[in-house]
Amino acid sequence: MYGIRRALQFACLCACLCACLCAWLCAAASAAHAGPRAEVIHWWTSGGESAAVKQVEQAYRDAGGTWVDTAIAGGDQSRAVTINRIIGGNPPTAAQFNTSKQFLDIIEEDLLNPVDDLARRDRWDEVLPAPIVDVIKVRGHWYAVPMNIHMQTWIWYSKPAFAKAGITREPATMDELFADLDKLKAAGVIPLAHGGQAWQDILLFSMVLSNMGGRDLYLKVIRDRDQAAIRSAAFRKVLVAYKRLQGYVDPASPGRNWNDATALVIGGKAGMQIMGDWAKGEFIAAGQAPGRQFGCLPGLGADSPYLIQGDVFVFPKTDDAGALRAQKLLAAVVDKPGVQLAFNKLKGSVPVRLDADDSQFDACARKGMAILRDPKRPVGVAEVYLTPDQNGALQDVLTAYWNTNMPVERAQNSIASALRY
């Protein structure tokens, strides 16, 4: 009996050793054949954004890579982590930035790998809008792979809320917009869903400036920082109209996240929201469709400026051969038309290439694509033209003006000082 028990124990031990050996060999084989490992830092954390970035993740896995997701809520926080890790010598494989001057400093410090081969192959000079090219191409080199184009100042509205307020057509002027806000207020609906955060305040301001001042005043103030334009009577009217909008937001607005403001419109509790086209991803995630439950306006009038930005991936410099392979693979995946189509349909944005097929997009996206192809309409958002310091100074003034009893004359002078250099 003892011999049988010893034999059984020996057999079990052999079986365990064989299982462990097989598992180790399988793991070693898997590691040996694993594709390029890419750690990607981004801030796509809301419902629609998360669904969109998973399309990119899956495409990278399908191409043979291993995706390591580092999602950090909030653009400022995410970018800070990226920059600190780059400077600290522990860079991610790739990181999201906005199409802006946000990453100009790390270009100047020679901390990013260019993607010139990809840009030449896909003729970016010919097929990308000029405001995008002007940001990602620095001294003849391309330093970011553009993922999409966002327009930051869409007017989103709830069709049920409009019906409740007796609004039968979309506003076409600022006067009509204010009249509709009054109707929504009278109907017991929050007229304007707004998140009282500095970056949301500047979007609201940009909508007023571009629609009231048109392309000429917008570019003189934001791009040229023209002191005469900033101190003009026309710009003063813009500031007055911007502050007037505060009378249409609810008391819970301060500090509210943008997607929570969007949820108010989705639920019919609010009538309108001024927000980038990423908000559309929230409507879609909630099972709503443009023209049915909600509407979208790219501007007030047929020639209103179309304020564009977008998202890009940058690739920090590294000596690691595996990381370099991962960067090349990810850049190639992101640039594929099919990947951009899948991503942008869920994100609410549109593909960055002007020659992209828009037949599979919804009515809002097709409006945007048509406008992008008109060279007179697209202009950059504030961050395209201003340095982070300049943009921050402008935000500080606008937020203080929005939240306090600051006289319009003081706000105007403060903006002139903030954009002087």
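**Cavity and a glutamine**

A: A search of the whole structure finds one cavity of 30 Å³ or more. A cavity here is a set of points on a 1 Å grid over the protein atoms alone where a 1.4 Å probe fits but cannot get out. This is a predicted model, where local features need pLDDT of at least 70, side-chain atom pairs count only at pLDDT 80 or more, and totals for chains, interfaces and linings use all residues. Residues are numbered from 1 along each chain as its sequence is written, and side-chain values use heavy atoms, with hydrogens and water left out.

Q: How much space lies in the largest cavity?
A: About 30 Å³, taken as the space filled by probe spheres set on the points.

Q: Which residues line it?
A: Trp154, Asp277, Lys280, Tyr306, Gly348, Val350, Cys364, Ala365 and Gly368; lining residues have an atom within 4 Å of a point.

Q: Which element gives the largest share of that lining?
A: Helix α17 (residues 363-372), with three residues. Helices are DSSP runs of H or I, at least four residues, numbered from the N terminus.

Q: New topic: Gln273. Buried or exposed?
A: Gln273 is buried, at 1% relative accessible area (buried is under 20%, with a 1.4 Å probe and protein chains only). Gln273 sits in strand β10 (residues 270-275); strands are DSSP runs of E, at least two residues.

Q: What does the Gln273 side chain reach at 3.2 Å?
A: The backbone oxygen of Trp258.

Q: And which side chain is joined to that of Gln273 by a polar contact of 2.8 Å?
A: That of Thr262. A polar contact is a pair of N or O atoms within 3.5 Å; within protein, one must be able to donate a hydrogen and the other to accept it, and residues adjacent in sequence count only if both atoms are side-chain atoms.

Terms used
On a 1 Å grid over the protein atoms alone, a cavity is a set of points where a 1.4 Å probe fits but cannot get out, and a pocket is an open set with protein on both sides within 12 Å along at least five of seven lines; lining residues have an atom within 4 Å of a point. Buried means under 20% relative accessible area, exposed over 50%, partly exposed in between (1.4 Å probe, protein chains only).
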